[in-house]
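Please open the model in your viewer and keep the selection tool at hand. The tour below goes from one stop to the next.

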Amino acid sequence: MAENKTQATDVAVEDFIAQVDNKTRREDAIALDALFRKVTGWTPRMWGPSIIGYGSYDYTYESGRTGTFLATGFSPRKANMVLYIMPGYQDFGGILDRIGKYKIGKSCLYLGAMKNNDLDVVAELIQAGLDDLGTRWPIHPS
C-alpha cells in the first residue's frame, strides 16, 4: 500500500513561519501556533512542506490501509488559514456558528484573517476536534 504523501519532517516550525511571505498571514500563524500550543500542550512538528501539526494518531481503515497523521494543526496558505481538525465537522455546528467567517472542506476549516474570528471559539473547536478524534483513534502527544 502507498504511504501518506504528508509525513512529519524535521524542519523547524519557527523557520517555516518566519518564511511566510504575507505579514498578516505570518502574524496570524504566530498567534495560531501559540493557541494550538496552549490548547494541546504539545510541541508542533512540520508535516510535509506547509502543515504545522500537533500530536499524531495511527489509523487502520476497514480496507486495511494504515498510517499516521497529525492529530490537529494548521497551514498558513496564501488564500486562507487552513485548520486541520480531524476527522471532520459533522458534530461541531454549534461551535462553528460562533467562530466568525469560515468555509469547510472535508476535514479542513478555511479562515481568512484571524481578526475576523473569535480565537476563544477556535480554541474550543481545537479541543472538541481532539476529543472527537480520541474516541476513534489513540492520540500521541508531540
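Is Tyr 54 buried or exposed? Select Tyr 54, which has a relative accessible area of 0% and is therefore buried (under 20% relative accessible area with a 1.4 Å probe and protein chains only, where over 50% is exposed and in between is partly exposed). This is a predicted model, in which local features need pLDDT of at least 70 and side-chain atom pairs count only at pLDDT 80 or more, while totals for chains, interfaces and linings use all residues. Residues are numbered from 1 along each chain as its sequence is written, and side-chain values use heavy atoms, with hydrogens and water left out.

A search of the whole structure finds eight aromatic pairs (ring centres within 6.5 Å, taking the six-membered ring of Trp; planes under 30 degrees apart are stacked, over 60 edge-to-face and the rest tilted). Tyr 54 and Phe 74 form a stacked pair, 6.5 Å centre to centre and with 20° between the planes. Tyr 54 lies in strand E2 (residues 51-60) and Phe 74 in strand E3 (residues 66-76), 20 residues apart, strands being DSSP runs of E with at least two residues, and helices runs of H or I with at least four, numbered from the N terminus.

Now select Tyr 57, Tyr 59, Tyr 61 and Trp 137, which together form one aromatic cluster.

For the last stop, show helix H2 (residues 23-40) and helix H4 (residues 119-134). The contact between them (heavy atoms within 4.5 Å) includes Leu 32 and Phe 36 of H2, and Val 122 and Ile 126 of H4.

Conventions. Axes fitted to C-alpha atoms, helices over the stretch in contact; angles between N-to-C directions.
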